Amino acid sequence: MTSRATDARRAAVLGKPIAHSLSPVLHRAAYAELGLDDWSYDRFEVDEAGLAGFFEGLGPEWAGLSLTMPLKRAVMPLLDEVSETAASVDAVNTVVFTEDGRKVGDNTDIPGMVAALREHGIEEVESAAVLGAGATASSALAALARICPGEVVVYVRSAARAAEMREWGERLEMDVRTADWADAAEALHAPLVIATTPAGTADALATAVPERPATLFDVLYDPWPTELAARWSMFGGAVVGGLDLLVHQAVLQVERMTGRTPAPLEAMRRAGERALAAR
C-alpha cells in the first residue's frame, strides 16, 4: 500500500475549513528529516462537492492525500480499495496513490490513537469512557476495540447519537453502553477517558475531576491545554493530548505515502510544538 519515494512527488491535506491544519508542518518536517528535498506537501480547501473534480485533476506526481472533515466518508466511492481499518468506521483519512495508478484509502487515526496511548504506557485498560459521539468518537471506539476488553460507556446528547454509538459497538463487536451527557461527570472515574468533543464542550467537567484521576486522552490540540486537561494534570492524572494523536497518525501517513520507515516522529512532534507555540 505504499508508494515509491521518488523525486518531485506531491502530497497535500484536503478539507473545509483547512487553514488551521498542522499537517503541512508535520509532513514537511518529515520530508526534511528524510532527505526528500523534492517532495512537497500543501493544503487545499475542498468540500464534498469539489472532491471528485480535485481527484480528476491529479497527475502521476501525486503520492498521497490526507483528508479531514467533511471528506472522510465522501472520498470512499472514489477509491479503488479501502483498508479493513478504514472500512470498520466508514472513514478514510489517508489516500495513497500506488505506482500502478490505484487509489487506496486507509485510516491512520485509529492506529494513531493506539500508538499515542502506548507511548504513554497504556497498553490495555479494563474499561473506558468516551465523551461525545461524532466522527472522532467512532474512531475512538475502534481504537478501544484493540485495547479494551471490557465495557465502554459513551456519553451523548441525543437518542439518535446514542443509537449510532451502540450500532458502532455491535459492528466492532464491543460492549458499548450509552449514557446521557447530563451524567458525563461520571465518566471521569473511568480508567481511561477519551474526550472527542469540540473545543469548549467539556470545559464544565473540569470541576468534576476526581482527586486521583487515571488517564485522559483529549483529542484537541488548539487551544491547549483544555480546561479539562489542565485540571486533570493538576490532580496528577496522566494526559494524552491531541498533538500526540496528530503526530502519530501523521507518522503513519508519511510511511504509507513515502515508503520510508520509520518516519521521524520526534522531528515531527517538535515542528508541531513550535507551530502551536507561534499561534
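The tour begins with the confidence of the model and then moves through its sheets, helices and selected side chains.

**Before selecting**

This is a predicted model, in which local features need pLDDT of at least 70 and side-chain atom pairs count only at pLDDT 80 or more, while totals for chains, interfaces and linings use all residues. Residues are numbered from 1 along each chain as its sequence is written, and side-chain values use heavy atoms, with hydrogens and water left out.

**Stop 1: colour by pLDDT**

pLDDT is the predictor's confidence in each residue, from 0 to 100. The protein chain averages 96, and 98% of the residues score at least 70. Select residues 1-6, where pLDDT stays under 50. Where pLDDT is low, the predicted coordinates should not be read in detail.

**Stop 2: the open sheet**

Helices (H or I, at least four residues) and strands (E, at least two) are DSSP runs, numbered from the N terminus. Two strands pair if DSSP finds at least two bridges between them. Display the open sheet of 6 strands, whose order is E2-E1-E3-E5-E6-E4 with mixed pairing. Strand E2 (40-45) and E4 are the edges; each has a single partner strand, so one side of each lacks a neighbour in the sheet. E4 pairs with strand E6 (residues 103-106) in the parallel sense over 2 bridges, and Val82 stands opposite Gly105 in E6.

**Stop 3: Ser83**

Move to Ser83, in the loop between strand E4 (81-82) and helix H3 (84-89). Is Ser83 buried or exposed? Ser83 is buried, with a relative accessible area of 13%; buried means under 20% relative accessible area, exposed over 50%, and partly exposed in between (1.4 Å probe, protein chains only). A polar atom of the Ser83 side chain lies 3.1 Å from the backbone nitrogen of Ala86. Leaving aside residues up to four places away in sequence, Ser83 touches Gly105, Asp106 and Asn107, contact meaning heavy atoms within 4.5 Å.

**Stop 4: Arg171**

Select Arg171 in helix H6; at 42% relative accessibility, Arg171 counts as partly exposed. The side chain of Arg171 makes a polar contact with the side chain of Asp90 (3.0 Å). Such a contact is a pair of N or O atoms within 3.5 Å; within protein, one must be able to donate a hydrogen and the other to accept it, and residues adjacent in sequence count only if both atoms are side-chain atoms. A C-alpha to C-alpha distance of 8.9 Å separates Arg171 from Val89, although the two are 82 residues apart in sequence.

**Stop 5: strand E8**

Select strand E8 (residues 152-156), in which 5 of 5 residues are buried. Val152, Val154 and Val156 point one way, and Val153 and Tyr155 the other. E7 and E8 run parallel, joined by 4 bridges, with Val153 in E8 as the bridge partner of Ala129. The chain passes from E7 through helix H5 (residues 135-147) to E8 in a right-handed β-α-β crossover: with the strands pointing away from the viewer, the path from the first strand over the helix to the second runs clockwise. E8 also pairs in the parallel sense with strand E9 (residues 176-180), over 5 bridges, where Val156 stands opposite Asp180.

**Stop 6: helix H7**

Finish at helix H7 (residues 227-234), where Leu228, Ala229 and Trp232 are buried. Why do they lie on the same side of H7? They cover an arc of only 95 degrees around the axis, taken from the directions from the helix axis to the C-beta atoms. The buried residues of H7 pack against strands including E7 (128-131) and E10 (192-195). After H7 comes Gly236, whose phi is positive, near 90 degrees.
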